[in-house]
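Student: I have a chain open here and would like to talk through how it is put together. Could we go over it step by step?

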Amino acid sequence: MGERSKSHLLDLLLAALCLLGALRPNVCAAADVTAGPFFACDVAANATLAGFPFCNASLSVHERVEDLLPRLTLKEKIGNLVNNATAVPRLGIPKYGWWSEALHGVSDVGPATFFSHLIPGATSFPQVILTAASFNASLFEAIGKVVSTEARAMHNLGHAGLTFWSPNINIFRDPRWGRGQETPGEDPFLASKYAAGYVKGLQETDDEDPEKLKVAACCKHYTAYDVDNWKGIQRYTFDAKVTKQDMDDTFQPPFKSCVIDGNVASVMCSYNQVNGKPTCADPDLLAGTIRGDWKLNGYIVSDCDSVSVLYYDQHYTKTPEEAAAISIKSGLDLNCGTFLKEHTLAAIKGGHLKEEDVDKAIRNNLAVLMRLRFFDGDPRKLPYGNLGRDDVCSAANQELAREAARQGIVLLKNDLARLPLDATAVESLAVIGPNANVTVTMIGNYAGPPCKYTTPLQGLSANVKNTLYAPGCADVGCIGSSLQLAAATDAASKADATILVVGADQSIERESFDRVSLLLPGLQTELITEVAKVAKGPVVLVIMSGGPFDITFAKSNHNISAILWVGYPGEAGGAAIADVIFGFFNPSGRLPVTWYPESFADSVNMTDMRMRPDPSTGYPGRTYRFYTGETVYKFGDGLSYSNFTHHLISAPKLVTVPLDATHACHSQRCLSVPMADSGCGAGPLKFDLRLQVRNAGAARGSHTVFLFMTPPPVHGAPKKHLLGFEKVFVEPSGAAEVAFSVEVCRDMSLVDENGERKVALGAHVLHVGSLKHSVSLTI
């Protein structure tokens with residue numbers, strides 16, 4: 001064998017090991033492997049495979065799966081219950097790594113994806129919480145499309161799999177949660193829209209064939225998961241006590257939408273228990289709800305090692321064989337980890353499980369791979385086969401990352417309209433703060449290497465050449481001796497304007513680490529206050545973080561002219577921040593979470609899962625829908641450089657809900673009607689609300705239009721909840737018409753105390769800004 005052939009084989013071996021996570025990412029990057037993708041049914045290399053029906057792309061997915069399944073031995077089946085799936089060489093099936101991540105760009109967190117000199121990075125969009133703040137459903141899907149295109153390109157180059165365990169659509173219930181940054185926020189409607197939009201962007205093929213997948217998405221972490229590590233309480237053993245009402249009107253809607261509206265290919269069950277049962281071993285949650293009620297067309301995967309966790313940490317079963325059996329029988333198809341590979345055979349031999357149970361799981365896994373064309377031969381000869389290196393980090397993709405950050409940035413304060421700054425009039429600029437010149441901080445967690453970085457300092461100094469930089473603190477912890485106050489105050493006292501960039505990073509909030517305080521870390525408050533006190537010109541405070549902070553001191557400080565929240569803004573964050581500050585972009589982002597005062601953290605236990613307030617104990621409830629306490633900023637808050645007004649064009653005042661003539665509510669007063677009795681199954685009962693949005697200011701820009709509803713006070717109804725949102729662009733002195741279609745059964749129903757959805761009768765108040773309109777539901 002020649003040296004060139006040996007080298008090529010070595011490249012293939014390295015690529016295989018990298019794709020399956022057997023080597024560290026830095027080794028893969030250094031190797032600069034250029035091997036092609038891994039796929040089944042390589043007829044060109046082995047002509048005998050053409051005789052297998054499962055390799056025949058003209059057959060249906062069902063026919064192909066049913067042909068392949070009986071060809072597998074029990075050992076081979078068990079080897080395909082785990083994320084590092086076993087190869088079956090005799091059938092032309094290579095090993096496959098199921099675990100890739102694409103939370104806000106292709107990531108190398110999952111071992112089935114890696115970067116090298118060939119593909120050194122991928123477009124890193126803003127962390128999800130900031131993208132959600134755009135309230136732009138078309139943007140959610142557009143980002144998903146770009147991410148899936150880059151993922152497919154990397155797959156063609158042997159750098160990624162096809163199954164991506166994203167997005168995270170848990171409700172950001174508590175402001176201290178370290179992973180709230182990964183989510184679309186606290187509102188179930190927003191989270192549902194994000195889930196469906198991003199999943200469609202990832203999965204939908206150009207021909208929109210629902211039986212084909214561009215890549216396979218996965219909605220996680222199912223369900224009621226939002227405690228990682230708070231005061232020693234770990235996600236691995238936390239038992240979330242959730243009422244039926246809270247489960248069905250808060251925690252479940254995003255997952256339901258992900259499966260039904262997004263047609264997601266996978267759902268991941270979480271580490272925690274819900275009401276005493278591990279989610280990955282609860283047949284009601286998995287087989288009953290996801291696959292039964294919602295009709296999942298795909299596979300259910302465990303969070304990594306969560307099957308092991310329910311045995312070793314939660315002690316839910318007496319033996320590992322019982323843990324393997326109860327997970328598979330409950331509806332789990334794939335184990336991230338090795339537990340099922342190690343214990344499933346013994347579970348069958350011990351009588352806890354049947355091979356037919358394993359077959360159900362394998363069918364679901366194989367069907368997804370079939371839909372991904374993994375069994376159709378070389379992907380470079382199939383749709384998306386032309387994608388390659390030039391399709392990753394393209395100029396258009398990088399510009400979308402910048403646009404996404406601009407659309408999400410939220411202007412929280414703008415005293416005397418000091419923003420935007422005039423770049424031609426500001427001759428000197430002080431840029432201060434521990435996040436002023438950061439790179440990795442901007443991309444948050446679950447990120448891969450980006451195409452490039454533009455830091456806040458770089459973005460701002462591109463507009464004002466005379467820029468004075470002082471970090472103010474050695475890092476965001478800003479503890480004790482790390483405070484560098486003298487240089488910071490000196491710069492601010494000399495500059496025409498001062499930009500303070502502070503907040504958090506992954507040392508403050510992250511997976512496996514929840515906060516205990518809502519105050520800015522360390523001495524950041526002192527840094528901000530002292531700099532603002534001596535600043536020569538206007539002071540702009542920029543908060544870079546995933547979760548909210550109590551910045552009441554800055555909100556009320558007249559020395560601070562403006563406040564921006566920029567989330568973790570992605571690779572182009574610095575450019576986007578500068579675009580907003582200097583007026584090249586009119587801010588239109590709105591807060592996707594409530595900003596609570598520090599007293600909330602002092603008095604409310606993070607592990608209390610109740611959404612609704614309890615006046616008898618002083619418990620204030622959670623999120624804008626139920627919370628009764630004081631806020632620093634409210635859900636949906638955000639300012640613009642312009643002034644937008646809303647004017648109602650048309651909406652009904654009375655809507656009649658059809659009931660059978662013999663229904664009891666015709667002869668007695670009813671506060672609500674069960675969905676089953678309300679005629680909802682006969683077709684959508686709906687009406688339109690039409691309004692005009694006017695731009696009364698001098699700046700052109702987009703405006704986020706919210707439609708909220710306050711229902712009648714029955715069944716512990718929310719104070720108000722979001723029914724819809726639209727992003728509309730309006731020129732100065734211009735107007736645009738916005739229409740919302742309201743489906744009564746979907747949008748104006750409530751979940752009662754027993755978890756049953758009902759249509760509330762009486763006055764429902766619709767809100768758009770300061771505009772209010774009452775619609776009465778009657779029978």
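Student: How many residues are in the largest nonpolar core, and which have the most contacts inside it?
Tutor: Bearing in mind that this is a predicted model, the largest nonpolar core holds 120 residues, and those with the most contacts inside it are Phe-54, Leu-68, Trp-98, Trp-165, Val-264 and Phe-375.

Student: Take Val-264, then: what is it in contact with, leaving aside its neighbours within four places in sequence?
Tutor: With those neighbours set aside, Val-264 touches Val-199, Gln-203, Ala-217, Cys-218, Cys-219, Cys-258, Val-259, Leu-296 and Asn-297. There is also a second, separate core, made of 88 residues, with Ala-497, Ile-499, Val-501 and Ile-528 among them.

Student: Switching to the whole chain, how many helices and strands are there?
Tutor: The secondary structure amounts to 23 helices and 27 strands. Of the contacts between residues at least 6 apart in sequence, 77% join residues at least 24 apart.

Student: What percentage of the residues is buried, and what does the surface look like?
Tutor: Of the 779 residues, 62% count as buried, while the chain exposes about 28100 Å², of which carbon and sulfur atoms supply 52%.

Student: Last one: how far apart are the mean positions of the positive and negative charges?
Tutor: The chain has 70 positive and 81 negative charges, and their mean positions lie 1 Å apart.

Methods: Residues numbered from 1 in each chain as written. Predicted model: local features only at pLDDT ≥ 70, side-chain atom pairs only at ≥ 80, totals over all residues. Heavy atoms only, no water. Core = buried A, V, L, I, M, F, W, Y, C linked by side-chain atoms within 4.5 Å. Buried < 20%, exposed > 50% of the residue type's maximum accessible area, 1.4 Å probe, protein only. Contact = heavy atoms within 4.5 Å. Helix = DSSP H or I, 4+ residues; strand = E, 2+ residues; numbered from the N terminus. Areas by Shrake-Rupley, 256 points an atom, 1.4 Å probe, with all protein chains shown as cover. Lys, Arg positive; Asp, Glu negative; His and termini not counted. Charge placed at Lys NZ, Arg CZ, Asp CG, Glu CD.
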